[in-house]
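Trainee: I am new to this one. Can we walk through the model together?

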Amino acid sequence: RQFLNDPMANVAMQYGSHFAGKGREIVDEKVNKLLSASRLKYYFAVDTKYVLWKLGLLVFPFHRTNWSVTYNKSEPAPPRYNVNAPDLYIPTMAFVTYVLLIGLIMGMQQRFSPEQWASRRVRLSCGSASKWEPSRSASIS
């Protein structure tokens, strides 16, 4: 109680909250700059023809001879117009499919529980798959 009446504590609280607010503004600005909807929209600008072409390219990569990215003026052409452009649609759908297949397989084995499925999904999305691989390969050999 005495801490709240101390003028120095009040000044320190105001000073700390001011810097916390400024820090939050800077973080929000940087996150919005890196993950803005317009920047992400480029990587998801695909159509059915592109997806089929890209899946075929993943299965038969040796048929492709031109691997260069085409440009419209000074920026790369969107993935829907250039099969060599980077996209996030295929990896995102692969991840979603993997998670759903894990749920289906666990359900068919009568081992499905939402908590276990959610924890597995969280482990994968947090990047523990890269940590899991070396330890798993060490225990196999």
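Trainee: In what order do the elements of the protein chain run from the N terminus on?
Mentor: This is a predicted model, where local features need pLDDT of at least 70, side-chain atom pairs count only at pLDDT 80 or more, and totals for chains, interfaces and linings use all residues. Residues are numbered from 1 along each chain as its sequence is written, and side-chain values use heavy atoms, with hydrogens and water left out. Helices (H or I, at least four residues) and strands (E, at least two) are DSSP runs, numbered from the N terminus. The protein chain has 7 helices and 2 strands, and from the N terminus on the order is α-α-α-α-β-β-α-α-α.

Trainee: Which residues make up the largest nonpolar core?
Mentor: A nonpolar core is a set of buried Ala, Val, Leu, Ile, Met, Phe, Trp, Tyr and Cys residues joined through side-chain atoms within 4.5 Å. Buried means under 20% relative accessible area, exposed over 50%, partly exposed in between (1.4 Å probe, protein chains only). The largest such core has 6 residues: Val 46, Tyr 50, Val 51, Leu 57, Val 83 and Ile 90.

Trainee: Is Asn 82 buried or exposed?
Mentor: Asn 82 sits in the loop between strand E2 (75–76) and helix H5 (89–108). Contact means heavy atoms within 4.5 Å. Leaving aside neighbours within four places in sequence, Asn 82 is in contact with Tyr 50, Ser 68, Val 69, Thr 70 and Ala 77. Its relative accessibility is 5%, so Asn 82 counts as buried.

Trainee: What kind of pair do the rings of Tyr 42 and Tyr 43 form?
Mentor: Rings of Phe, Tyr and Trp (its six-membered ring) pair if their centres lie within 6.5 Å; planes under 30 degrees apart count as stacked, over 60 as edge-to-face and the rest as tilted. The count comes to 2 aromatic pairs. The rings of Tyr 42 and Tyr 43 have centres 5.0 Å apart and planes at 85°, so the pair is edge-to-face.
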